[in-house]
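This report describes the ligand site of one protein model and then turns to its aromatic rings.

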Amino acid sequence: MFFTSDNASGGAPEIMAAIARANEGYARSYGADAIMDRVRAEIRRVFEAPEAAVFLVATGTVANSLSLAIHAPPWSAVFAHGEAHIAMDECGAPEFYTHGAKLIAVEGAHGRMTPETLSAALSRVGEAGVHGVQRGMVSITNVTEAGTVYTAAEVAALTAVARVQGLPCHLDGARFANALVATGATAAEMSWKAGIDVLSFGGTKNGCLGVEAVVIFDPAKAWEFELRRKRGGHLFSKHRFLSAQMEAYLADGLWLRLAAHANAMTARLREGLLAVEGVSLTHPAEANILFPEWPAGTHARLEAAGAAYYPFPAPEGREAARLVTSWSTTEAEVDRFLAALRG
Ligand SMILES: Cc1ncc(COP(=O)(O)O)c(C=O)c1O
């Protein structure tokens with residue numbers, strides 16, 4: 001009953017086997033490995049983007065930060081939801097890698113910006129001439145930090161607002177597979193067809209050990225990305241082990257199968273939770289994250305039963321939590337959790 005995070009899970013067997021296979025013999029280093037050639041071709045095929053530049057890194061933070069750095073100059077503003085991972089959980093790495101671009105918080109219920117809230121934020125910035133930061137780019141997270149999901153059309157509506165100002169758009173897809181499974185969109189529909197210029201395409205939370213792809217739909221930015229990745233200390237020498245993870249992740253739709261399982265486990269939890277009197281959800285649980293609220297005293301009972309998750313602030317007399325399911329969550333774990341909840 002380990003629901004703290006999807007990156008608390010291990011590596012999927014297919015990923016571990018691919019790493020072991022890649023360990024045979026020698027391979028070119030620093031991304032010149034043959035597996036990376038296949039990964040690049042496969043990502044271009046999956047995204048229907050034959051020109052896209054594809055790079056691998058080992059953390060979501062650096063995937064996001066370098067993606068922002070190739071588009072947002074130091075004197076610019078990056079617009080993102082106030083709860084976005086880049087704003088709350090990356091220790092200033094986006095500001096560091098962009099050499100000081102300013103993050104501007106955009107409002108919106110349940111972790112989602114709307115065209116209206118984005119427009120309002122854009123209109124408050126960039127009018128002060130040389131005295132203020134200039135509008136730089138927009139960053140959207142899907143699945144959001146609140147566990148909600150933007151449809152491809154909703155992403156397109158946000159990028160359309162950005163496009164009016166000539167701003168490029170980034171998508172933080174640490175849980176991109178979960179968002180696709182939840183909406184039924186294709187990878188292309190949820191990215192470049194919706195106006196996304198650069199995507200952080202997550203693997204780590206969904207069965208990989210540590211790999212994220214950065215997919216850059218404007219190949220003119222590729223060389224700058226390469227230089228920034230190296231300068232930032234994130235070009236792996238034994239890169240084949242990143243490539244091997246991504247290759248296995250994409251093979252035979254494994255990435256979508258793992259995400260479908262994670263989402264199904266959240267759906268099972270949601271159904272069970274809502275059947276218990278006094279339990280409610282703070283946000284709609286649309287992918288693999290839930291934010292339940294329950295009567296005070298419940299944490300102690302769940303903890304005693306061996307459940308692990310993050311408690312969240314709650315109103316007087318109530319308790320709240322964040323639960324995350326992953327590719328390795330089992331139905332039995334979910335059912336034991338619900339039984340413990342019911343007492
Ligand atoms: C929305 C989002 N983006 C990016 C990341 C990646 O972060 P990390 O640098 O820990 O791999 C996370 C991980 O928690 C996340 O939730």
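This is a predicted model: local features need pLDDT of at least 70, side-chain atom pairs count only at pLDDT 80 or more; totals for chains, interfaces and linings use all residues.

Twelve residue names make up its surroundings: Thr59, Gly60, Thr61, Asn64, His85, Glu90, Thr141, Glu145, Asp172, Ala174, Arg175 and Lys205. By class, this shell divides into 6 polar, 5 charged and 1 nonpolar residue. Helix α3, residues 60-69, contributes the most to the shell, with 3 residues.

| Side chain (N or O atom) | Ligand atom | Distance |
|---|---|---|
| His85 | oxygen | 3.2 Å |
| Asp172 | nitrogen | 2.7 Å |
| Arg175 | oxygen | 3.2 Å |

On its own, the ligand has 390 Å² of accessible area, and the protein covers 78% of that area.

The second topic is the aromatic rings. There are 14 aromatic pairs in the structure. A pair of this kind is described by how far apart the ring centres are and by the angle of the planes. One of the pairs joins Phe201 and Tyr249, with 6.1 Å from centre to centre and 50° between the planes. Planes under 30 degrees apart count as stacked and those over 60 as edge-to-face, so a pair between these limits is classed as tilted. The pair of Phe201 and Tyr249 is accordingly tilted.

Which parts of the chain does this pair link? Phe201 belongs to strand β6 (residues 198-202), while Tyr249 belongs to helix α10 (residues 240-250). The two residues are 48 residues apart, and the pair thus links distant parts of the chain.

Methods
Residues are numbered from 1 along each chain as its sequence is written. Side-chain values use heavy atoms; hydrogens and water are left out. A residue is near a molecule or strand if one of its heavy atoms lies within 4 Å of it. A polar contact is a pair of N or O atoms within 3.5 Å; within protein, one must be able to donate a hydrogen and the other to accept it, and residues adjacent in sequence count only if both atoms are side-chain atoms. Accessible areas come from the Shrake-Rupley method with a 1.4 Å probe; for residues, only the protein chains shown count as cover. Helices (H or I, at least four residues) and strands (E, at least two) are DSSP runs, numbered from the N terminus. Ala, Val, Leu, Ile, Met, Phe, Trp, Tyr, Cys and Pro count as nonpolar, Asp, Glu, Lys and Arg as charged, and the others, Gly among them, as polar. Rings of Phe, Tyr and Trp (its six-membered ring) pair if their centres lie within 6.5 Å; planes under 30 degrees apart count as stacked, over 60 as edge-to-face and the rest as tilted.
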